[in-house]
Amino acid sequence: MELQKFTYDNKITRLFMNATILWGIVGMLVGLIIALELIFPLMSQNIPWLSFGRLRPLHTNAVIFAFVGNGMFTGIYYSTPRLLKTPMFSELLGKIHFWGWQLIIVSAAITLPLGYTVGKEYAELEWPIDIAIALIWVVFGINLIMTTVKRRTKHIYVAIWFYIATFVTVAVLHIVNSIAIPVSFLKSYPVYAGIQDALVQWWYGHNAVAFFLTTPYLGLMYYFVPKAANRPIYSYKLSIIHFWALIFLYIWAGPHHLLYSALPDWAQALGVVFSIMLIAPSWGGMINGLLTLRGAWDKVRESPVLKMFVVGITAYGMATFEGPMLSLKSVNALSHFTDWTIAHVHIGALGWNGMITFGMLYWLLPKIYNTKLHSVKLANAHFWLATTGMLFFAIPLYFAGFTQSLMWKQFNEEGYLAYPNFIETVVQILPMYFIRVFGGTLYITGVVLMIINLIKTANAGKFIQSEDDEAPALHSQSHGVDKGHRIIEGKPVIFTILTLVAILIGGIVEFVPMFMVKSNVPTISSVQPYTPLELHGRDIYLREGCYLCHSQMIRPFRSEVERYGDYSKAGESIYDHPFQFGSKRTGPDLAREGVKGGPIYKPDSWHYNHFLSPQKMVAQSIMPPYPWLISRDLNISTTSKKIRVMQTLGVPYPEGYAERANDDLLKQANQIAKGLRDGGIQVEDTKEVIALIAYIQRLGTDIHKPANNQ
Amino acid sequence: MTTEDNTPNNKKEEYEIDTLTNKRLLSNHEYDGIRELDNDLPPWWKWLFILCIVFAIFYMVRLWVFRSDDLIQKKEFDNEMANVKTVKPTETFEMVLLTDNVSLEAGKETWLKICAVCHLADGGGLVGPNMTDNYWIHGNTVENMFATITNGVIEKGMIPYKDQLSPKQRIEVISYIQEVLVGSTPAVPKEPQGELVE
């Protein structure tokens, strides 16, 4: 048999590796800053781009797409050629992929703090960047799939299956969720609205966790764990079953983010049951990872790489058990909107993604520098800092979530809320926020140790630009007859198509009725589109990231109806492009903030003073001040364009309204500003704060209108 | 490079055995030196999976066939509201100021929790009027103040507190205003509003 010679390119691996480390430390530091801002709300020093609402999307995007993204590409570009016995399909595509991805990250790091955002969690980036992501992702996909086509092994290994699933699904998720109509170069409105937008968004959000944070890292696990331990994979059969079950079931589970919302019962139920069915497929990955170490546990004791893998995989097992539990309605009623969720995702991020990445880097860097790790001791110190850091991060937040939720729900004997003032429940959990910062600091300290260790290792070794290998050509290999799953393992393109089919089913079954069957979103006749001023106010609400701390979704519980007013209905948000239900209540729900006579109504002057200085109105508030809303002029040159885009999306403004919208805007602004001036507040009609107040005072009022008219 | 491309002997019927765990290795399954074992699915895992699927079917049947109350949000909410048992005190309150320390402390607590948001902690007033002077917009008798707190002054932005404060708490906070705040000197007093009541 003729052996063909070829080389593996280590340069691209090293590029992605450096980017992983750089963005990792950036993303984590931003996380530390916003954790501190929750304790010291004045920390942002009235600088808009340093405020919590602007930096929180930067933290999540940096950690998910920059740190974990580059981490997965590091592993994929290293392992794929070796598993397929061929160089990557194209070095040029690899370079375009790398530099394109970094450019996207840089543009995110600039636009997000400046307030350019779509206002959908983990999909905040505006449309030009979204298009760039789609293009670069396709470049990656072509490079990956074409490499499998040009392979010299007859079958593709389970790691490659997971890489393929990652490529296919992320492409579908990103494109479907990001469809929007531009208003200007960095402003757009999503085509979906309200509860439908929420369903699409959480189908995306949940499966970003599944196919950006989970499947690629399972692929890495399937390569680096057996490599580092020098052990065979525990069960090939398990690989098959858990792979297909995982990707098929995952896609259905998005609605569990919308339990007790205005989503119809059937969709919520699908979210519950598919989450429960995911336990076993998720654990299949954990079992195959941990049991691969059977017979090598003595090595685990000595090797920081394997120790990190073990903790990472264990964290994965914990998070994928907890996730389905949080999807049970009774648990979700307690956990949702609290810090419990934050704790849960950080078990995944710090434990699973972090530890697997660190373990991979400690194993990989010495390999491509042809040397030994500079200090095992230092790596062990990192291991302990990361593990304890994760625990100090998560445990206080579990406690905080539990405590605050119980306080929200507590009634006294006379039937009044025991803690009617939201701030009491915040003050109660503030100590937990301190401990969280401590845990995060430990974790980051560990990363700093890693960076020192890796730099010293690199300096001691010599970088191997490329490695030679040889293998017989695919066509010259003996062709036994394949049976069962082996058949599609030998046909990567068919495999890719089957993967696509598996991940499309769940989404289609949930979306089609939601968009086609009217009874799923019962309309309410008194619900009207926002006035032009309110629309501008809403865009400011998005820009400042208000939705990251305030929900707009009153759940049908006595405790919430007493605290916030009547529970939210699907028909109320049909003009909300995008929806703003939120996922966390660091502050109170605002769904009925504008309802006069409602339990949380505040006058315009209160809001004005509160934006200027929350602490002046609520001494212990942890909301940052927004003085720039008061000094900045509202940009009304975009009004007509915004109205026209809304009309295109089906929002029923009258014909030709775009042209006269600013007349109404100025009238309403004058009315609000005059009211404030009468109360002794010196403010001009045209300031941004007026628009935001108009929006806030509109929230939740529509369904009360007929009653008010009587 | 560690790759060993030893072409495995396909004719060999015997399985290779992993010496550390004594389990069978799959022949022809080798990728960059990674081998795979022929282990079966762990039985407990298989049963866990089946159990979860049974749970899912059971759950959907309860929703779609039996329309169980706990899976239908609207019914669940109505049930919760129907089962609310409260011990609303029925005794009538005398509309008189309380002067004992316990009541004043309780009144202060309510003041700081609820009222201070608009009237400031020291009563100097900000969005709401100054509560330390002798000028009153809606009257200063206990009855007047009780009505103001109970029903709010919607047009000025004060919400009704009848669902948030018990009658006792309302009397306590009125007492706190009259006994402690009125006549005190706040840091930044708001200008007087309403009529002077001597």
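Predicted model: local features only at pLDDT ≥ 70, side-chain atom pairs only at ≥ 80, totals over all residues.
## Domain spacing in chain A

On one side, 43 residues of domain 1 of chain A take part, and they are in contact with 49 residues of domain 2 of chain A.

On the domain 1 side, both helices and strands of chain A give two or more residues. The helices are α2 (52-84), α6 (194-229), α14 (376-409) and α15 (422-460) of chain A, and the strands are β2 (180-184) and β3 (187-190) of chain A. With 5 residues, α2(A) gives the most to this side. Sorted by class, the domain 1 side that touches domain 2 of chain A has 24 nonpolar, 12 polar and 7 charged residues.

## Where chain B meets chain A

Now for the contact between the chains: 60 residues come from chain A and 58 residues from chain B.

Turning to chain B, the elements that each supply at least two residues to the side touching chain A are the strands β2 (23-31) and β3 (34-37) of chain B, together with the helices α1 (43-64), α2 (73-82) and α3 (101-119) of chain B. Which element gives the most to this side of chain B? That is α1(B), with 10 residues. By class, the side of chain B that touches chain A has 35 nonpolar, 11 polar and 12 charged residues.

How values were computed. Residues numbered from 1 in each chain as written. Chains lettered and ligands numbered in written order. Contact = placed C-beta atoms within 7 Å. Helix = DSSP H or I, 4+ residues; strand = E, 2+ residues; numbered from the N terminus. Nonpolar A, V, L, I, M, F, W, Y, C, P; charged D, E, K, R; others polar.
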